[in-house]
Amino acid sequence: MTHPGPAVTHAGPAGDPAGPGAYVLGVDSGGSGLRVALGRVEEPGPLATTVCAEPVRTGPGGIDAGHLLDQLLPAARELLDRASAAAPTGAGSDAARALGTPADGASAGGAVAAVAIGAAGMATLGDRLRAELPGALADALGVRRVALAADAVTAYAGAVGQRPGAVVAGGTGMIALGTDLKEWHRADGWGHLLGDSGGGAWIGRAGLDAAMRAHDGRRGGSAALLDRLRAVFGPAEELPGLLYPRSDRPAVLASFAPEVAACAGADPVAAGILRQAAGHVAEAAAAVCPAPAGSDGDPDEGDGAGEVALTGGLFRMGEPLLAPLREELARLLPGARVTVASGDPLTGALRIARALAAGDLRLPRHPTMLFVPLEQETGQRADPVVRDEPRSG
């Protein structure tokens, strides 16, 4: 696989922190497309972002590395062009250098020092990305520091940063991820057939179940939700024919979750569904949240212990879900600090790239969750393990 284009001079040896003015790229690849952000190592926030609306293909070999690169590389060059055009007079040589078009007096500080890519399915479908992307990015952009992360990891980095804690990423699905900065702990995220309990598809399905119960005259039905089913989908008896042939069934189910939230204030069945969802979400958070550091623990790490950050569209349903969720979290994790995410997965990817470029990536490496190749050159620690099972004791 080749991706021709001008190569970039790397900003220093692989083991050295990037020089002043170096660029970093953060990438978020999900079901709605590819988002790319360009930043500087020493500056917070992105300089510019762009969106590729076509989702990266997934085939028998997993996520298609070539298709991702076909979108990422032109986007990266577009962002570097924009940075060059916006730079003060004389400063454009840095961006020119990063594009592989050195100008007189340009320094290696303006090169792309690090790239972090977060992708949905990276942990289970990312073999081709891990095998092909580091070399391809080195050839096309001259970058030697690359991190390939599961989207839950970039969600964590965007929500919590590099502190210990836990994040619950809720949307159509639901996954909880926590770390004590030594290893990762994961709960759920197993898809709508095996889990994702409390996520949007789970709530929507429970709401539609209650609606169909009302249609049949069975116990546990909700007339209010049946009314909403008819308003959204049409006659209840036609719903199976509309739903089962769809390849995007989880998204269709999740589309009904806001209807459940809208009914919860006046309908006890809808309110009960959201209480159940809150319980599932809180249980997942409790399974992964690290214990607070003891009196002899690192004070810097102890500051973030017990933090649970919520991120994703699920929590935009507001108080009908958040109020019972706060109650459940207080019961299962007394003293935990519940926060709203400070940044999204794209922010997290950019934060990982900055930390990698600066030689300060403290999040645990893992062969599939957070893969950083060439560790032997960077002098950083080897990959630790990840725990998928809840901890006890």
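Me: Does Gly171 count as buried, exposed or partly exposed, and why?

Reply: Let me first say what we are looking at. This is a predicted model, in which local features need pLDDT of at least 70 and side-chain atom pairs count only at pLDDT 80 or more, while totals for chains, interfaces and linings use all residues. Residues are numbered from 1 along each chain as its sequence is written, and side-chain values use heavy atoms, with hydrogens and water left out. Buried means under 20% relative accessible area, exposed over 50%, and partly exposed in between (1.4 Å probe, protein chains only). Gly171 counts as partly exposed because its relative accessibility is 27%.

Me: Where is Gly171 along the chain, and how far is its C-alpha atom from that of Leu314?

Reply: Helices (H or I, at least four residues) and strands (E, at least two) are DSSP runs, numbered from the N terminus. Gly171 sits in the loop between β8 and β9. Its C-alpha atom is separated by 4.6 Å from that of Leu314, although the two residues are 143 apart along the chain.

Me: What is the volume of the largest pocket, and which residues are closest to its centre?

Reply: Rolling a probe the size of a water molecule over the atoms shows where empty space is left. A pocket is an open set of points on a 1 Å grid over the protein atoms alone, where a 1.4 Å probe fits, with protein on both sides within 12 Å along at least five of seven lines; lining residues have an atom within 4 Å of a point. Points are joined across faces, edges and corners, and a volume is the space filled by probe spheres set on them. Here the largest pocket has a volume of about 1500 Å³. It has 46 lining residues, and Gly30, Gly31, Ala120, Asp151 and Gly173 are the closest to its centre.

Me: Which element gives the largest share of that lining?

Reply: That is α3, with 4 residues. Elements supplying at least two residues each include β8 (165-170) and β9 (174-179), the strands on either side of the Gly171 loop.

Me: How does the second largest pocket look in numbers?

Reply: Its volume is about 410 Å³. Among its 16 lining residues, Arg205, Leu208, Leu243, Tyr244 and Leu253 lie nearest the centre. The largest share of this lining, 6 residues, comes from α6.
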